[in-house]
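Please look over the two chains shown here.

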Amino acid sequence: MELEQAVKSKKIKLGAALLIGALILIIVFAAGVFVGLEKAKFSYRWGENYFRNFAGGPRGGPGQFFPDRNYFNPHGSDGQIIKIEATTIIIKDETGTEKNIIVAADTAIRKDRIDLKLDDLKINDNIVVIGSPDDKGQIQAKLIRVIPSPLP
Amino acid sequence: MHKLKTQPELYARIISQIKYEQQLLKLRTKLILFGLMLATSLVVFVLAFKNFFVQANLSGFLLLLHLSATDFKIISTHLFDYVLSLAESLPVVSVALVGAVLLFTLFSSAKLINYLLKIKHLRIN
């Protein structure tokens, strides 16, 4: 009976609530750190790849080139197609950042309810991509959906 | 000269009435305060929600979310990548702001309702 009363006491309940709250905070914090690290790693690899392939200049890392307000999302992106090379699509998002999207044989390309092939994609098409990052700062696409052009 | 016969309960009634008026005044003041807080928080909530909508659009979160409706089967086979893409594009500051303002709005409205009920209870008694 005493144990039952102790368990039901306000102090115990408050302590339990604080513990649960702390646990939730820790889990959320860990998830935030994980997502942040993924974005930072991808952004770094993107920067390394950009300098190697486009700028040709000295490699200074992302800190010298990127505005510090954004890190790139490695598992998804959206933008307008600016170039199609073999199995690589280059898109430009709203911030003007260019990203390489690698299209594999098992990549699903869809527009409305129709399945498309890579050859059906054109310059200036707007697409949304889901994929996973590789070690060159590119996105290996799993799904590409062609969307209507946004209103000006 | 007739002696004034004071009713013994008159003093108690006067004191009770004074206390009632004081309580009513306090409750009315709190009602106005929380009413203003609620009105302000509603305005801020609308602005915060609009801001969230704009940020979610810019980051691509809404487009990615829409894929769950259009391409559910494909997404279910790449669920890990999809969930991460949503987490990465979520405008966390806007979401936190909307959440905070919503909590404040709920708190203000709860307090307002509480004081309204207290006034009603006071008047009935």
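What covers the buried residues of H2(B)? The cover includes strand S5 (126-133) and strand S6 (139-147) of chain A. It also includes helix H1 (8-59), helix H3 (72-77) and helix H4 (79-89) of chain B.

This is a predicted model, in which local features need pLDDT of at least 70, side-chain atom pairs count only at pLDDT 80 or more, and totals for chains, interfaces and linings use all residues. Residues are numbered from 1 along each chain as its sequence is written, chains are lettered from A and ligands numbered from 1 in the order in which they are written, and side-chain values use heavy atoms, leaving out hydrogens and water.

**Helix H2 of chain B**

H2 of chain B runs over residues 61-70. Phe61(B), Leu64(B) and Leu67(B) are buried there. Buried means under 20% relative accessible area, exposed over 50%, and partly exposed in between (1.4 Å probe, protein chains only). Seen down the axis of H2(B), the buried residues fall within an arc of 110 degrees, so they line one face of the helix. The arc is that of the directions from the helix axis to the C-beta atoms. An α-helix has 3.6 residues a turn, so residues three or four places apart point the same way.

**The chains**

Helices (H or I, at least four residues) and strands (E, at least two) are DSSP runs, numbered from the N terminus. Chain B has 5 helices and 0 strands. Its radius of gyration, taken over C-alpha atoms, is 28 Å, well over the 14 Å that the globule rule gives for 125 residues, so chain B is more spread out than a compact globule. The globule rule is 2.2 Å times the number of residues to the power 0.38. The C-alpha trace of chain B spans about 100 × 25 × 20 Å along its principal axes.

Chain A has 3 helices and 6 strands. Along the sequence, chain A reads α-α-α-β-β-β-β-β-β.

Accessible areas come from the Shrake-Rupley method with a 1.4 Å probe.

| Chain | Buried residues | Accessible surface | Carbon and sulfur share of surface |
|---|---|---|---|
| Chain A | 38% of 152 residues | about 9,900 Å² | 60% |
| Chain B | 26% of 125 residues | about 9,200 Å² | 72% |

Contact means heavy atoms within 4.5 Å. Take contacts between residues at least 6 apart in sequence: in chain B, 82% join residues at least 24 apart. For chain A, the value on that basis is 54%.
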